[in-house]
Amino acid sequence: RPSKGKSKAMTENQRDYIIGMMKQKDISVNAIMGRFDGLDPTSDDYIPMQTARAMIKWLEEQEEDLPF
């Protein structure tokens, strides 16, 4: 139940996607927390949707196997 002033929370699908990407790309919770205001997608109940989208965008930009 979001209160006034609180933006919409990320969805479970977004959470699952973020956690999956973190595992796939071997990105630690600490790396995410350091970059996104201490928010931990593996344990925080509430993460704003805008932040979740930023996490996904950032994770998608991380290349695990660069060809050079």
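**View 1. Three helices make up the secondary structure of the chain.** In this predicted model, the chain contains three helices and zero strands. Read along the sequence, these elements follow the pattern α-α-α. Of the 68 residues in the chain, 34% are buried. Among contacts with a separation of 6 or more, 58% join residues 24 or more positions apart. The chain exposes about 5,000 Å², and carbon and sulfur atoms supply 48% of this area.

**View 2. The largest nonpolar core has 14 residues.** Ile18, Ile32, Met55, Trp58 and Leu59 have the most contacts inside this core. The elements that give two or more residues to the core are α1 (12-24) and α3 (49-61). Helix α3 gives the most, with five residues. In soluble globular proteins, nonpolar side chains tend to be buried together.

View 3. Ala52, Met55, Ile56 and Leu59 are buried residues of α3. Ile18 is also one of the residues with the most contacts inside the largest nonpolar core.

**View 4. Helix α3 holds several buried residues.** The buried residues of α3 are Met49, Thr51, Ala52, Met55, Ile56, Trp58 and Leu59. What covers them includes α1 and α2 (29-35). An α-helix has 3.6 residues a turn, so residues three or four places apart point the same way.

**View 5. Phe36 and Trp58 form an aromatic pair.** The count of aromatic pairs comes to one. The rings of Phe36 and Trp58 lie 6.1 Å apart, centre to centre, with 75° between their planes, and the pair is edge-to-face. Phe36 lies in the loop between α2 and α3, whereas Trp58 lies in helix α3, so the pair ties together parts that are 22 residues apart in sequence. Phe36 is buried, with a relative accessible area of 10%. Trp58 also counts as buried, because its relative accessibility of 15% is under the 20% limit.

**View 6. Thr51 touches Phe36 and Leu39.** Thr51 is placed in helix α3. The contacts with Phe36 and Leu39 are those found when residues up to four places away in sequence are not counted. At 18% relative accessibility, Thr51 counts as buried.

Note on methods:
Residues numbered from 1 in each chain as written. Predicted model: local features only at pLDDT ≥ 70, side-chain atom pairs only at ≥ 80, totals over all residues. Heavy atoms only, no water. Core = buried A, V, L, I, M, F, W, Y, C linked by side-chain atoms within 4.5 Å. Buried < 20%, exposed > 50% of the residue type's maximum accessible area, 1.4 Å probe, protein only. Helix = DSSP H or I, 4+ residues; strand = E, 2+ residues; numbered from the N terminus. Contact = heavy atoms within 4.5 Å. Phe/Tyr/Trp six-rings, centres within 6.5 Å; stacked < 30°, edge-to-face > 60°. Areas by Shrake-Rupley, 256 points an atom, 1.4 Å probe, with all protein chains shown as cover.
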